[in-house]
Amino acid sequence: MDAVYNRPFLNIGKTPIAVGGYLEANWQHLYTDGVSEGHQFQARRLTVFMSSAISKRVKFLSEIEFEEGGKEIAIEFASVDVEFHPLVNFRGGIIMNPIGAFNQNHDGPKWEFTDRPLSATQMLPSTFSNAGAGFFGKKYKDDWMLGYEAYFSGSFDNSIIENTENKTFLPAAKNNPERFEEINSGVPLFTGKIAIRNLKLGELGLSYMGGVYNKYQDDGMIIDKKRRVRIFALDYNTTLPKIKTFITSELAWIKVDVPSTYGQQFGSKQFGGFMDIVQPLLKKNILGWENAVLNLACRLEYVDWNVGRFNETGENIGDEIWSVMPAISFRPTAQTVFRLNYRFQKQRDILGNPPATTDGFSLGVSTYF
């Protein structure tokens, strides 16, 4: 829950303004069924943070992201936070919807993998931001913390079922910049999360995001029934004592009201998730870096874009993917990571034909600044 503030910032002189950011870049060489596009160098993203302590209990924080060398520029977060009480804080502006573990906690230097999780970016629409407002708060007692977030914001639109993917695809809504000034359905999206954390056991989060996505009325005239999208997510992270193994995971269930006139390739139910396991192998002074860390890691991930069976045959509908990604990472400091990943991935089409196999290596660096 502390993801938006748990970042390094550098104050500018004696002013209340602080700046920071992070960079992600990598090399990649992948094969799909033996066919490769060759060696690729990728400038994934450059993100700049700016914050200000405006006055007592009033803060401003923003995050501007430049993707693919500036091909895409987006304001991912820009909010004013006002604290009335530790349990009652107002947040308004451009918010990151608190669904699952990854959407708010997406900074590259925090992860041991060059790629973001498939379930978070190809099923859930991470990173998903909208204009909106709401409240958040936390309560501490001994080793326990209980927190919540609740916001009303901009929403999805018909692009989640009308897109070039030709399937139910929530990330398509990110391509609509008008969501920052207009809600397609006229009904706000609600996102809520409850998290409970124990210093010894870890943190468990339960979140929900849902609302009407279609334009069901025009100038007061009803032209369609309300069609909703509902997302439930469960996330958990912990560090095992003594061996210091870090585990973080996220599972999500999606239900979309798809019109009956659409073909069965548009799934009304989706399911997916990921689990990262990170084991520190070595922590010592390396090449002059104090407390440098060498990690061994692995990511397991799965997405089913169409949970169900064909009406005519009763056979399982395909359109699913799974991936295993072992990794080695080196952290000269906690804020900088070099990571070598190997991806082995199987993707099956909607008809359940033999899956396409993707495998290969990626090598990257990510750092806060």
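Glu-301 and Arg-343 form a salt bridge, with their closest N and O atoms 3.3 Å apart; a salt bridge here is a side-chain nitrogen of Lys or Arg within 4 Å of a carboxyl oxygen of Asp or Glu. The two residues link distant parts of the chain, 42 residues apart: Glu-301 is in strand S17 (residues 289–304) and Arg-343 in strand S19 (residues 336–348). Helices (H or I, at least four residues) and strands (E, at least two) are DSSP runs, numbered from the N terminus.

The model is predicted: local features need pLDDT of at least 70, side-chain atom pairs count only at pLDDT 80 or more, and totals for chains, interfaces and linings use all residues. Residues are numbered from 1 along each chain as its sequence is written, and side-chain values use heavy atoms, with hydrogens and water left out.

The whole structure holds 21 salt bridges. One of them joins Arg-116 and Glu-65 (4.0 Å, N to O). Arg-116 lies in the loop between strand S7 (88–96) and helix H1 (118–123) and Glu-65 in strand S5 (residues 58–67), so this pair ties together parts 51 residues apart in sequence.

Arg-348 and Glu-320 also meet in a salt bridge (4.0 Å, N to O). Arg-348 is in strand S19 and Glu-320 in strand S18 (residues 320–333), so parts 28 residues apart in sequence are tied together. Salt bridges with shared partners join Glu-24, Arg-45, Glu-65, Arg-116 and Arg-339 into one network.

The table gives relative accessible area (buried is under 20%, exposed over 50%, partly exposed in between; 1.4 Å probe, protein chains only).

| Residue | Relative accessible area and class |
|---|---|
| Glu-301 | 4%, buried |
| Arg-343 | 6%, buried |
| Arg-116 | 13%, buried |
| Glu-65 | 1%, buried |
| Arg-348 | 28%, partly exposed |
| Glu-320 | 18%, buried |
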